Amino acid sequence: MATHAIRTTDLVKTYPKGQRALDGLSFSVGEGVVLGLLGPNGAGKSTTVKILTTLSRADSGTAQVAGYDVIREQDQVRHAIGYVPQKSSSDPMATGIENLVLGGRIYGLSRTDAVRRAAELLERFGLTEFGGRQVKTYSGGMQRKLDVALGLVHRPQVLFLDEPTTGLDPEARADLWTEVGRLAGSEGLTVLLTTHYLEEADRLADQLAIVDHGKIVAEGTPEGLKSELRGDSVHVELVDADTDGTVRSLLGQLPGITEIVAEGKVLRARVDHGATAVPAVLGILEDKAIPVSAVTVSRPSLDDVYLNYTGRSFQAAEEAA
Amino acid sequence: MTAAVAHTRFITGRWLRASYRQPALIIFTLVQPAIWLLLFGQVFQGVVKIPGFGDTSYIAFLTPGIVMMTALMSSGWSGTTFIADMERGVMDRLLASPVSRGGLMAGQLISNATNTLIQTVLVFVIGMAAGARYDGGPAGYAVTAVASMLVGIAFGSLSNAVALLTRQQEALIGISQFVSLPLTFMSSIMIDPQVAPHWVSVAARFNPVDWAAIAARQALSADPDWSSVLRHGGYLVAFTLIVAWLSTRAFRTYQRSV
Ligand SMILES: Nc1ncnc2c1ncn2[C@@H]1O[C@H](COP(=O)(O)OP(=O)(O)O)[C@@H](O)[C@H]1O
Ligand SMILES: [Mg+2]
């Protein structure tokens, strides 16, 4: 058990208003690993994090964090973890330093240690010159960095980051990615990061667990998951949506083409060989005089992985949420 | 236990710092009771004959009442700070930390009680400028100050509990107004219930705000009935402890809903 920083077994959680948020969710993470919990909005990522951080309770199933049971050994878990909630978790009326010092004091740091640690973290996140200002004057990106610093103030063994970059502009996001990337290597820290950005998962996570409707549907390294999908992906963008399914059935007649999914004007499919499939696809559509605006071939992406396991594209799942 | 005391201190510091950074709010909470005191002083003066309050002026009768009313009204807002914490991730971060729940509640209430104390002093300054005089001496003022802080703490913790249960600003403000108006009028805050309809004086007997007003007036009078002060003060302390304990339990209910 010592080698697992997090282990969950069959977590089930139904909210009072009837929503089943988790439906038998199980996974485990080794120490020092950055695990990405990837899923569209409403998949159950935050619910999982809340249960693992002792904020909330599962209806059934068990979970251990840093070797402690989240219900029976709640106090030990709380000391071992840092939690950066999805919403910003700093006090806007207080300064950056005050937030960090209060954070440290709550975990039992002496005043001197808490002040020293606050300075260290402000430095690390490039916030030193803003430490004395009220957080409400910070930009979104600065607030998010302070949130992460707050999660680290007591040097936790396991850090939970719930959607650390949602709502940030691309520059602030890239900036935070660098910070989180640096965290990963340090001090054997285990990080559980939730995200609904495929790119973020691809970049930051050593290991991925894909969540859909409260279950883990696939687990592995980003590269491993992609290479499990053989062949290439083909995207066909039509001028008019394939409302009656004509195009879909046409493509289905081609050899070596599988898993055709139509969403609006876009059809996606897997093919054994991209190079031979493209002419065939274009040929059959031209025969039937179906106007095409673009055909692209690519190596499988995480989006294809998601599609493969859930039967819908990530974007469609987001829109449905 | 020592952790709970330390946490209470840290959380108190947090809220005190936040409140002195909102000077506009402080001024508003100070101006409001001043207006009530002077307005009600004018409105009820002469209209009401106050039996059993000797020959002291109405303003002397009214001042301790306005102190309690102010403590009640401002404590109703207490929970809005919890809601702000819930709307951000602050509450969730704290509840996933080893912070003492009692400290989380007590720290916020102590900081509120400090503000109540400042308001109480100010209301007295204005009341005395308007002619109120008391013969009770330091003990009278001390009892009044403590009673007003207890009212603030008790109703502040109820407000915090409602915040944790409803998680909505609108619901909290609606409920606190719905509760504080009857508590104000079914009491001796403005007029002696003996001159009001009988049912009002019956209701007042169960009203914690009235216990506070009675204890304060007795202690401030020339010849206090200390048994009445102790009895009403005792009810008030018991009420405060019970609601503070119940409110701290509301963290669990909140955690069940997130
Ligand atoms: N506090 C709550 N009360 C009721 N339902 C909730 C609550 N939080 C989340 N849910 C529901 O549970 C499901 C999973 O939500 P969540 O774990 O927040 O998903 P994610 O973080 O992956 O977007 C969603 O359908 C959501 O509407
Ligand atoms: Mg979420």
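This is a predicted model: local features need pLDDT of at least 70, side-chain atom pairs count only at pLDDT 80 or more; totals for chains, interfaces and linings use all residues.
Close-up 1. With a relative accessibility of 4%, Ser159(B) counts as buried, and a polar atom of its side chain lies 2.8 Å from the backbone oxygen of Gly76(B). When residues up to four places away in sequence are not counted, Ser159(B) touches Ser75(B), Gly76(B), Trp77(B), Ser78(B) and Gly79(B), together with Leu172(B).

**Close-up 2. Protein donors of the magnesium ion (ligand 2).** The ion has as its protein donors the OG atom of Ser46(A) and the OE1 atom of Gln86(A), which lie 2.0 to 2.2 Å from it. Ser46(A) belongs to helix H1 (residues 45–52) of chain A, while Gln86(A) sits in the loop between strand S6 (81–84) and helix H3 (96–106) of that chain, so the pair ties together parts that are 40 residues apart in sequence. Ser46(A) is buried, its relative accessible area being 16%, whereas Gln86(A), at 37% relative accessibility, counts as partly exposed.

**Close-up 3. Phe160(A) and the largest nonpolar core.** This core holds 62 residues, of which Ile6(A), Phe27(A), Val65(A), Phe160(A), Leu192(A) and Leu164(B) touch the most other members. Leaving aside neighbours within four places in sequence, the contacts of Phe160(A) include Ile6(A), Val65(A) and Leu192(A), as well as Val49(A), Leu52(A) and the residues Ile81(A), Gly82(A), Tyr83(A) and Val84(A). A second, separate core has 36 residues, among them Ala60(B), Met68(B), Tyr134(B) and Ala213(B).

Definitions and conventions
Residues are numbered from 1 along each chain as its sequence is written. Chains are lettered from A and ligands numbered from 1 in the order in which they are written. Side-chain values use heavy atoms; hydrogens and water are left out. Donors are N, O and S atoms within 2.8 Å of the metal (3.2 Å for Na, K and Ca); water is not among the atoms, so sites may look incomplete. Helices (H or I, at least four residues) and strands (E, at least two) are DSSP runs, numbered from the N terminus. Buried means under 20% relative accessible area, exposed over 50%, partly exposed in between (1.4 Å probe, protein chains only). A polar contact is a pair of N or O atoms within 3.5 Å; within protein, one must be able to donate a hydrogen and the other to accept it, and residues adjacent in sequence count only if both atoms are side-chain atoms. Contact means heavy atoms within 4.5 Å. A nonpolar core is a set of buried Ala, Val, Leu, Ile, Met, Phe, Trp, Tyr and Cys residues joined through side-chain atoms within 4.5 Å.
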